[in-house]
Each structure stands twice: as structure tokens, then as C-alpha cells.
Amino acid sequence: MKVSRIEHLRVAVQKIEDALPFFQDVLGLEVYKTEVVEDQKVKTAFLKVGEVKIELLEPTSPDSTVQKFLDKGGRGVHHVAFKVEDGVTEALAVCDAKGVRLIDKAIRQGADGLHIAFLHPKSTCGILTELCEE
Ligand code: CMX
């Protein structure tokens with residue numbers, strides 16, 4: 001597998017508007033778009049630091065996995081997404097062969113036009129990990 005860079009970090013927040021004073025007014029970053037991902041029950045606000053996106057993730061429903069994460073006391077970075085040059089399908093096969101627990105057994109559509117798949121945090125040093133390709 002060839003990981004070329006961190007594509008984005010997603011930060012779980014209860015309300016995007018409550019997080020903006022830090023990200024916008026203190027760090028000086030700008031929200032350049034927002035997107036609702038219906039099937040994941042989240043709203044995302046996109047900011048950029050160089051090439052890396054920081055994406056604020058707000059649950060849109062009480063049964064969103066992000067709401068569950070927050071309810072269990074989770075805060076801050078919710079997951080890290082790595083861009084894989086040789087493709088997510090190939091990377092999933094490598095992970096599977098090496099015994100990494102897959103959340104997504106096949107590639108699927110994610111936010112921001114990316115094709116993605118998640119790996120379970122129990123297999124990835126506690127970091128919910130996304131593999132993605134454009
Ligand atoms: N980071 C690290 N660990 C996490 C986590 C996260 N974001 N979310 C859950 N966990 C941990 C829990 O703390 C728990 O650990 P303990 O057993 O030690 O308490 C464990 O994972 C729970 O695992 P589980 O019972 O298998 O699963 P859950 O029902 O809690 O769901 C997960 C966890 C990761 C499988 C689920 O959130 C998932 O499928 N995530 C992928 C999809 C996703 O996150 N979508 C939202 C974002 C969408 C987007 O960005 O577009």
C-alpha cells in the first residue's frame with residue numbers, strides 16, 4: 001500500500017457554529033464549504049491548512065455514529081483519512097490479508113467526492129482510520 005499524505009482530519013463537535021470561534025478567529029482558517037452527508041447523518045464544514053483539510057463533523061441525528069462518539073465522551077479528532085495512491089480497493093485487500101479489521105469491506109462514496117473505506121480503531125492503534133482516493 002502506498003499512502004501519499006493525510007487527506008483530512010475530521011473533528012467531532014456537537015455544533016459547528018460553537019467550534020468556529022477557535023478555528024476561524026484564533027487560527028485564522030476559513031470555512032470554504034459545508035456538506036450534509038445524509039447516509040452518515042453528519043454535517044461537515046471544510047477548512048484547509050496547506051493541502052490538508054480539517055473537517056468539523058456535527059451529528060444531524062441522535063443515532064449518528066458521531067453522536068454516539070460524543071455521548072461516550074469522545075472529543076476532538078474523530079478520524080484520520082489517508083490518501084492511498086494504489087487505490088482503496090487494493091489497500092483494503094492488503095489490510096484484510098494482514099488481519100486488520102475492516103469496517104467497510106468494499107469501497108464506497110464519501111463526502112467531498114472521495115471514494116472511501118474505514119478501518120476499525122481496534123486494529124489501528126485506537127485511531128478510526130479512513131482510506132481514500134479521489
Ligand atoms: N475513534 C476511536 N475509537 C472509536 C471511535 C473513534 N471515532 N468511535 C468508536 N470508537 C471505539 C469506542 O470507543 C469503542 O471502544 P471501547 O470498546 O474500548 O469502548 C469501540 O470503538 C466500539 O466499537 P464497536 O462496538 O465495534 O462500534 P460502535 O458501534 O461504537 O461504532 C465504529 C464505532 C468506529 C465502528 C463506527 O463509528 C463506524 O462504523 N465508523 C465509520 C463511519 C463513520 O465514522 N461515519 C461518520 C463520519 C462520516 C464521514 O466522515 O463522512
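1. Strand β7 (residues 115-119) pairs with β8 in the antiparallel sense, over 5 bridges. Strands here are DSSP E runs of at least two residues, and helices are H or I runs of at least four, both numbered from the N terminus; two strands pair if DSSP finds at least two bridges between them. Within this pairing, H115 stands opposite E133 in β8.

2. A word on the source: this is a predicted model, where local features need pLDDT of at least 70 and side-chain atom pairs count only at pLDDT 80 or more, while totals for chains, interfaces and linings use all residues. Residues are numbered from 1 along each chain as its sequence is written, and side-chain values use heavy atoms, with hydrogens and water left out.

3. What does β8 pair with in the parallel sense? Strand β5 (residues 76-84) runs parallel to β8, and 4 bridges join the two. V80 stands opposite T129, and F82 has L131 as its bridge partner in β8.

4. Strand β8 (residues 129-133) is largely enclosed by the rest of the structure, because 4 of its 5 residues are buried (buried is under 20% relative accessible area, exposed over 50%, partly exposed in between, with a 1.4 Å probe and protein chains only).

5. Stepping back, the open sheet has 8 strands in the order β2-β3-β4-β1-β5-β8-β7-β6, with mixed pairing. Its edge strands, β2 (33-37) and β6 (108-109), each pair on one side only.

6. The largest nonpolar core has 11 residues: V11, V13, I16, A19, L20, F23, L29, A45, L47, I54 and L56. Such a core is a set of buried Ala, Val, Leu, Ile, Met, Phe, Trp, Tyr and Cys residues joined through side-chain atoms within 4.5 Å. At least two residues come from each of α1, β3 (42-49) and β4 (52-59), and α1 gives the largest share, 4 residues.

7. Leaving aside residues up to four places away in sequence, F23 touches G28, L29, L47, I54 and L56 (contact means heavy atoms within 4.5 Å). A second, separate core of 10 residues includes L92, V100, L102 and A117.

8. Is F22 buried or partly exposed? F22 lies in helix α1 (residues 16-26) and counts as partly exposed, at 43% relative accessibility.
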